[in-house]
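Subject: Structure for your files

Hello,

Here is the structure I said I would send. My notes on it follow below.

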Amino acid sequence: MHSLWHSSAAEKISEIEHDNETTRAIFNQHSTELWQEYIEKGMSVIKQRITTQEKPFSGILPAELAAQFKHVDLTQPLFNIDRVLEELDQLYLRDAVYFHHPKYLAHLNCPTVLPAQLAELFISAINSSVDTWDQSAGATLIEQKVIDWTLNEIKLGADADGIFTSGGTQSNLMAMLLARDSYCKRTYRDHNIKYQGLPGDANRWRIFTSQVSHFSIQKSAALLGLGYDAVIPVACDNAFRMDVTALNDEIERCRAANLIPIAIVATAGTTDFGSIDPLSEIAHICQQNNIWMHVDAAYGCGLLISLQHKARIAGIEHADSVTVDYHKSFFQPVSCGAFFVRNNCHLEHVTCHADYLNPLSAKLEGTPNLVNKSIQTTKRFDALKMWLTLRLMGQQQLGAAFDTLLNLAGQTHQRLSQHPLIDVLHQPELSTQVFRFVPKQLLSDEKVDAINAEIRKLIFREGNAVIAGTKFNQQQYLKFTLLNPATTLAEIEEVIDLIVHYGQKLTASYLNAANQ
Ligand SMILES: *Cc1c(COP(=O)(O)O)cnc(C)c1O
């Protein structure tokens, strides 16, 4: 820039536009060649990794990986795209956890479909923010169309509406917020939480949900000023579904203690067991008691498009609100979730009109400003991923993939139940299976717990498979979550062999230690 002071005004502008490094790095009409070069170089690094990656994880420990980050000084740029990508490959890709790998069987992370990957390119290139029409235009209509398509599968009725969210946690927070504020609105005509905060008796409001529902319900209650204690855990039957007799008893007990039920959260697909609460019976209880019914279908939403098992989610159409995670059961990249409500007028509880952004006048003119329905302001155009997926693949293909998972889970259950050294805890309703290794030799409960915890750690350290763990009745269990339709039964059998191999090795070492 040394010559800037000596050149004419026109030259100055042209230098700023074309010679300034920063200007050149900005995505615009002048930089599409460089943009394409970066993307293509990035693509080959990814392609190289994915095609040669043999394991879902390298097994590296946090301290080992952290040591490699020590020499990176973010104040000292490398300035060279090849060196930057080489560094990224070493620091991130080499030791990433790969959800597309057939032996990644741990959490609710799915492999992603190609049209959604393509959508990510458009999402960042155009960078629309789906909050106001004047920041999104067509993106707003695409999001609304995907919302309406989903609503058509849920069947919440003519007044229903929804909004994309960052995922199940945010959707559940919205559900609890709407349940709380709509209860207040219909009970205290002159009290508005949005303006005045919680009324005096809000500490008596209660939310009912099963013992094995997602922790984001408790978290939401805390964030909403009701507290963890406002969430009443309801007992489950032996298939981990909410026990409606227990639910009725808890509601009775609360009323007798002068507490006020405001919401019941049913789970359609619990995180650990995939169990589906009896939605229609719970809906009936909600109607009788005039209580908000939320269905958390973050995981079970895949059933909405299932070709064979859609009936398993019947009753969801009675909900006042619903949580859906496309990034779990619709094979979408993170983040991709949505929240739905039966009566769109309840969305007013998250509406806040800002003069600079979404004035009331715009709403009255009919401008679709999705920010009026969201707790976010700037919002990613995640809906495009579902749009391209539906346009290119179609919902039948997605639904068939989900069915494949349910069938695979059934076969996995059979294999595990037949195994003499494995105890299974439940029949899978979706695609998770909780089980544990139980040695033939008599060992204390603590040792069997320790063995199961160790099996999981050893497998993770070795990296040939990734499995999850959970607790039930204070006992340590292992868990498979099957969300990869490309995983074969043979591959699952190999992982079972690995579990048993480590289980037997650990048992032997415990017995040896005891004999010494
Ligand atoms: C995963 C999950 C959530 C949380 O969703 P995120 O997308 O991780 O925020 C909520 N409920 C259930 C049942 C889940 O499985």
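Phe240 is buried, at a relative accessible area of 6% (buried means under 20% relative accessible area, exposed over 50%, and partly exposed in between, with a 1.4 Å probe and protein chains only). The model is a predicted one, in which local features need pLDDT of at least 70 and side-chain atom pairs count only at pLDDT 80 or more, while totals for chains, interfaces and linings use all residues. Residues are numbered from 1 along each chain as its sequence is written, and side-chain values use heavy atoms, with hydrogens and water left out.

Phe240 also has a positive phi, near 65 degrees, without being a glycine. Its place is the loop between β4 (231-234) and α11 (244-256); helices (H or I, at least four residues) and strands (E, at least two) are DSSP runs numbered from the N terminus. Asn290 is another non-glycine with a positive phi, about 55 degrees, and sits in the loop between α12 (279-289) and β6 (292-297). The peptide bond from Val334 to Ser335 is cis, with omega near -5 degrees. Ser335 belongs to the loop between α13 (326-329) and β8 (337-341). For background, most residues other than glycine have a negative phi, and most peptide bonds are trans.

**Domains and cores**

The chain is divided into domain 1 (9-96), domain 2 (118-392) and domain 3 (396-515); these bounds come from an automatic or database domain assignment. Taken over C-alpha atoms, the centres of domain 1 and domain 2 are 38 Å apart.

The largest nonpolar core has 98 residues, and those touching the most other members are Ile207, Ile264, Val295, Val322, Tyr326 and Phe340. By nonpolar core I mean a set of buried Ala, Val, Leu, Ile, Met, Phe, Trp, Tyr and Cys residues joined through side-chain atoms within 4.5 Å. Helix α8 (residues 168-187) supplies the largest share of this core, nine residues. Domain 2 and domain 3 both contribute residues, so this core lies between them. A second, separate core of 27 residues includes Ile451, Ile455, Leu482 and Val500.

Beyond its neighbours within four places in sequence, Tyr326 has contacts (heavy atoms within 4.5 Å) that include Val146, Phe164, Cys336, Phe340 and Met386.

Helix α17 (residues 445-462) has 18 residues and spans 26 Å from first C-alpha to last, close to the 26 Å expected at 1.5 Å a residue; the expected span is 1.5 Å times one less than the number of residues. Its buried residues are Val448, Asp449, Ile451, Asn452, Ile455 and Ile459. Viewed down the axis of α17, they fall within an arc of 160 degrees, so they line one face of the helix (the arc is that of the directions from the helix axis to the C-beta atoms). Among the elements covering them are β10 (432-437), β11 (466-472), β12 (475-481) and α18 (489-515). On the other side of α17, Glu446 and Lys457 are exposed.

An open sheet of five strands runs in the order β1-β11-β12-β10-β9, with mixed pairing; two strands pair if DSSP finds at least two bridges between them. β1 (104-105) and β9 (422-424) stand at the edges with a single partner strand each, so one side of each has no neighbour in the sheet. β1 and β11 run parallel and are joined by two bridges. Leu105 is opposite Ile467 in β11.

Regards
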